[in-house]
Amino acid sequence: MSDVMKKATRESYGEALVALAEKYENLIVLDADLAAATKTGIFKKAYADRFYDCGIAEANMMGVAAGLAAAGMIPFASSFAMFAAGRAYEIVRNSIGYPHLNVKIGATHAGISVGEDGAMHQCCEDLALMRTIPGMVVINPADDVEAKAAVEAAIQHEGPVYCRFGRLAVPVINDPDTYKFELGKGVTLRNGSDVTVIATGLLVNEALIAAETLAAEGISVRVINIHTIKPLDKELIVQAAQETGSIVTAEEHSVIGGLGSAVAEAVCEACPVPVRRIGVNDTFGHSGPAADLLRQFGLSAEHIAEVVREAVNAK
Amino acid sequence: MDESLKKQLQIHACKIRMGIIEGVYHAKSGHPGGSLSIADLLTYLYFTRMHVYPDNPDFAERDRLVLSKGHTAPALYAALAERGFFPMEEMQTLRHIGARLQGHPCISIPGVDMSSGSLGQGISAACGMALAGKHRNDNYHVYTILGDGEIEEGQVWEAAMFAAHYGLDNLTAIIDNNGLQIDGKITEVCSPEPIPEKFRAFGWYVIETDAHDFDQIDKAFREAERVSGQPVAIIQHSTKGKGVSFMENQVGWHGTAPNTEQYEKAMAELKAELAELEA
């Protein structure tokens, strides 16, 4: 697998902004003193006159983004997920969500793969927070190709969108030539009949690896990539529940309130089957290399395979 | 200021005050004190300064106003009604279930430029609107009104720093310095004073004015329009509850609706004032 290209989705975010700037002349980018890290610095370099640094003041940045949108611009407000969704939550809720303004939030450094910076910056609650805001679209792309497509889809959607990106370089699993992003639509990456693994973000690749391993053991795993956490593709999920009778979710986020919760809600309402949630188990992260942390927190193909085996045995 | 214009403004302001009382009385809740203290300011802005279009409220080049102290929505709604955005009678539906006049300003109401009322947030949105204007070389002006208690919110100072940094001279913030907030006098709760010095230190051009004398208000805004390269903060020294004798300077009228007896007394006072102005 050493020849697989890897790229952090934050990098894809910065590059996508540059690539789309000419096409969307109202696109404007805000950051809060993290342009080098969020990769909006790439945009700043190319379009200095369309980039505004707000300083270390995320609350104001979200309000400024709201005002820009109210005046017809398409602002991308960028920071780490911790500050974009966490610190600025109430501003996002009241100044962006309630007036349903056309603000795009580019939140990078989501999840524990932030690594060495530790728990203070490892946001595993952002999907939960953003998902509760009425009218907020929440996207968590899996790789470079999907992240770039997601940025354009966010622009084309009229209304607030939260886009979640990662710090860690992750394998590129989609083909840029054929990939099509459909907002709110899950993608079945692999068909299977025993269990469905529904994954999002960097765990989509891990789910595919797990499915491969399990196939060798005679377990048929369906893999669904949910890049849009909200609106959720309930139809596809319920269909998977009906056809495979067992679901495992996988996300680099708390098991409370994110993909696992959203899937469980959908399945409980329409077709109750066992749902096992893989994620951060109601705990804070800590410092360490990202790859080690992911393994330690069970956010890996190995752990997904274990949980799937458990699900099959319980059937 | 021309005497006939001043008289006209006083009449509008009196009608706006009546609208505030009507609204809060029929809602049986709301914030009359801080609404009455900005009635003259809103009158001046909507009838002399702002290019707004009741028949085309979303016109892109309009001037904008963000009521950062959004709990005083009754004043904004009454001013918009008086300016022709919707009938004044609609004030009687304020805060009612199914009505469009929400307890705090809502962007879907004709003439309302931003949802607001979570304190400290409106000024940031106003900064964004002003930045968009600068970015596109539009000529519109953005006004935002803050309470003196509201500026205890940290976000206000993030926004103040931002506005000065980007030289937003198309932005004017008016601080309604009536000296009272819910828990008491601002100087006793957690003092934001000295207010002029704080805004000056953040790079703003500061003007102080009386809030209820149209000559002085006009003088302040004429001075403000000559400022370039920096945002302007107009600190207006106002009387909470202004125009209704028993509500003036009473902290208890921050967020309390009048009962029927008080409503009738307030309306009688305002009607008498209106009759005198129109005589």
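**Exercise 1. Overall form of chain B**

What radius of gyration does chain B have, and what would a compact globule with 279 residues have?

Solution. The model is predicted. Start with the rule: a compact globule with 279 residues would have a radius of gyration near 19 Å. Chain B has 17 Å, which agrees. Next, take the box along the principal axes: the C-alpha atoms of chain B fill roughly 50 × 45 × 40 Å. Then turn to burial: 53% of the 279 residues of chain B count as buried. Now look at contacts in chain B with a separation of 6 or more: residues 24 or more positions apart account for 76% of them. Finally, list the secondary structure: chain B has 10 helices and seven strands.

**Exercise 2. A helix pair in chain A**

Describe how helix α1 and helix α8 of chain A pack.

Solution. Two numbers describe a helix pair: the angle between the axes and the distance between them. Locate the helices: α1 of chain A covers residues 9-21, and α8 of chain A covers residues 144-156. Their axes lie 8 Å apart, at an angle of about 45 degrees. Angles from 65 to 115 degrees count as roughly perpendicular, and those under 35 as roughly parallel. α1(A) and α8(A) are therefore oblique to each other. Their crossing is right-handed.

Now find the contact residues. α1(A) brings A:Thr9, A:Ser12, A:Tyr13, A:Glu15, A:Ala16, A:Leu17 and A:Leu20. α8(A) meets them with A:Asp144, A:Ala147, A:Lys148, A:Val151, A:Glu152 and A:Ile155. Sort the residues of this contact: seven are nonpolar, two polar and four charged.

**Exercise 3. Where the chains meet**

Which helix supplies the largest share of the side of chain B that touches chain A?

Solution. Count both sides: 22 residues of chain B are in contact with 23 residues of chain A. On the chain B side, α5 (122-136) and α6 (154-165) each supply at least two residues. The largest share, 10 residues, comes from α5(B). By type, the chain B side divides into 12 nonpolar, eight polar and two charged residues.

Methods:
Residues numbered from 1 in each chain as written. Chains lettered and ligands numbered in written order. Predicted model: local features only at pLDDT ≥ 70, side-chain atom pairs only at ≥ 80, totals over all residues. Axes fitted to C-alpha atoms, helices over the stretch in contact; angles between N-to-C directions. Helix = DSSP H or I, 4+ residues; strand = E, 2+ residues; numbered from the N terminus. Parallel < 35°, antiparallel > 145°, perpendicular 65-115°, else oblique. Left-handed = near helix turned anticlockwise from the far one by under 90°. Contact = placed C-beta atoms within 7 Å. Nonpolar A, V, L, I, M, F, W, Y, C, P; charged D, E, K, R; others polar. Rg over C-alpha atoms; globule rule 2.2 N^0.38 Å. Buried ≥ 20, exposed ≤ 12 C-beta atoms within 10 Å, placed from the backbone.
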